[in-house]
Amino acid sequence: MIETSTHPLDHLVLPTLSLEIARQRLSSLGFVVAPTGIHPFGTENACVFFADGTYLEPLAVGDEKTAGHAIGEGNVFVARDRLYRNKLGDEGFSAVVFGTADADADHARYVEAGLSAGDMLSFSRAFTDTEGKSDTASFKLAFVADRKATDAFLFACQRINAPKIDRTALQAHANGVTGIVEIVAVSDRPSSQAGLVSTAAGKVAKDGDKVELPNATLTILTPDSIASRFDIPAGGASDLRFAAIVLSTRSTADVAHLLAANAIEHNMSGDDIVVPPAPGQGAAVIFREIP
């Protein structure tokens, strides 16, 4: 077996029908949304960056013809996005992404484990900050998926070239969010899917339903457990589907005030504030106060 260190969480992919809808929704939740980024294979994003280095990637299809051509050429990223949309619709939470320093080594591990989702992908795109300053971001991706778990996929992302741009303004969110602390998935058989997540992250899961990353936790719950813990619908049967994102904030009182002012539906789960999924938001968003 090829050895590796545990990868940190890098970002989350949230399919949406329209980046404009996503921008409006996420702004109403108190997030600063970055300018639109255009991929060379037909998709586009409008990211939400956090101070801990993680981010959310709302993803839309900007050019259907280019996306279709990319799928025909074996682009796993676009193919899995289309698979998700065809089955679950244009709004959701399709992928968890891990940071890596060696995507080639990860691809080799995934192939060895029989969990590779296909060929690696290398690409570059322009990155622009809030003041219009632009630089180039380059990435290399390695994909992992379970053939039975078609509602979700995972990949390792190596940042070949990080844009030399100050993201401070993009991380100054009105809701006080500083990062992602937990990703919650739902599965009819959680313990069997922990192995897939562990392979993707390069870590052996000690608990059957939880994988501890260096900077976050990925928890896999049964439909009944997720419904009782967060009071959100579990959806239909699934081997693995990502359902909720837990974010750290400086003050849940401030978040509650902001949500009420913007007429955003929310409820409480213990001390957490839970905002159910909505168009442009993808997953349930859970605000947790962490001083």
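## The central strand pairing

Strand E10 (residues 177-186) and strand E13 pair in the antiparallel sense over eight bridges, where two strands count as paired if DSSP finds at least two bridges between them. Helices (H or I, at least four residues) and strands (E, at least two) are DSSP runs, numbered from the N terminus. This is a predicted model, in which local features need pLDDT of at least 70 and side-chain atom pairs count only at pLDDT 80 or more, while totals for chains, interfaces and linings use all residues. Residues are numbered from 1 along each chain as its sequence is written, and side-chain values use heavy atoms, with hydrogens and water left out.

Within the pairing of E10 and E13, Ile-183 has Ile-245 of E13 as its bridge partner. Nine of the nine residues of E13 are buried, buried meaning under 20% relative accessible area, exposed over 50% and partly exposed in between (1.4 Å probe, protein chains only).

## The sheet and its helix

These strands belong to an open sheet of seven strands with mixed pairing, in the order E11-E12-E10-E13-E16-E15-E14. Its edges are formed by strand E11 (210-212) and strand E14 (267-269), each of which pairs on one side only. From one strand to the next the twist averages 25°, with axes taken as lines fitted to C-alpha atoms, for helices over the stretch in contact, and angles running from 0 to 180 degrees between N-to-C directions.

Helix H7 (residues 252-261) packs on the sheet and touches strand E13 (241-249), E15 and E16, contact meaning heavy atoms within 4.5 Å. The direction of H7 makes about 140° with that of E16. Strand E15 (residues 272-275) and strand E16 (residues 284-289) run antiparallel and are joined by three bridges, with Ile-273 standing opposite Phe-287 in E16.

## Helix H5

Helix H5 (residues 190-201) has twelve residues and reaches 16 Å from its first C-alpha to its last, close to the 16 Å expected at 1.5 Å a residue; the expected span is 1.5 Å times one less than the number of residues. Nine of the twelve residues of H5 are buried, among them Pro-190, Leu-196 and Val-197. The cover over these buried residues includes helix H4 (103-112), strand E8 (134-144) and strand E9 (153-161). After H5 comes Gly-202, whose phi is positive, near 75°.

## Aromatic pairs

The whole structure holds ten aromatic pairs, counted where rings of Phe, Tyr and Trp (its six-membered ring) have centres within 6.5 Å, with planes under 30 degrees apart called stacked, over 60 edge-to-face and the rest tilted. The rings of Phe-41 and Phe-123 have centres 5.0 Å apart and planes at 80°, so this pair is edge-to-face. Phe-41 lies in the loop between strand E2 (37-38) and strand E3 (43-45), and Phe-123 lies in strand E7 (residues 121-128), 82 residues apart. Both Phe-41 and Phe-123 are buried.

Phe-93 and Phe-242 form a tilted pair, 5.2 Å centre to centre with 35° between the planes. Phe-93 is buried at a relative accessible area of 0%, and Phe-242 is buried at 3%.

## Cysteines

There are zero disulfides, a disulfide being a pair of cysteine sulfur atoms within 2.5 Å. The sulfur of Cys-157 is 11 Å from the closest cysteine sulfur, in Cys-47, which is too far for a bond. Cys-47 counts as buried at 2% relative accessibility, and Cys-157 is buried with a relative accessible area of 2%.
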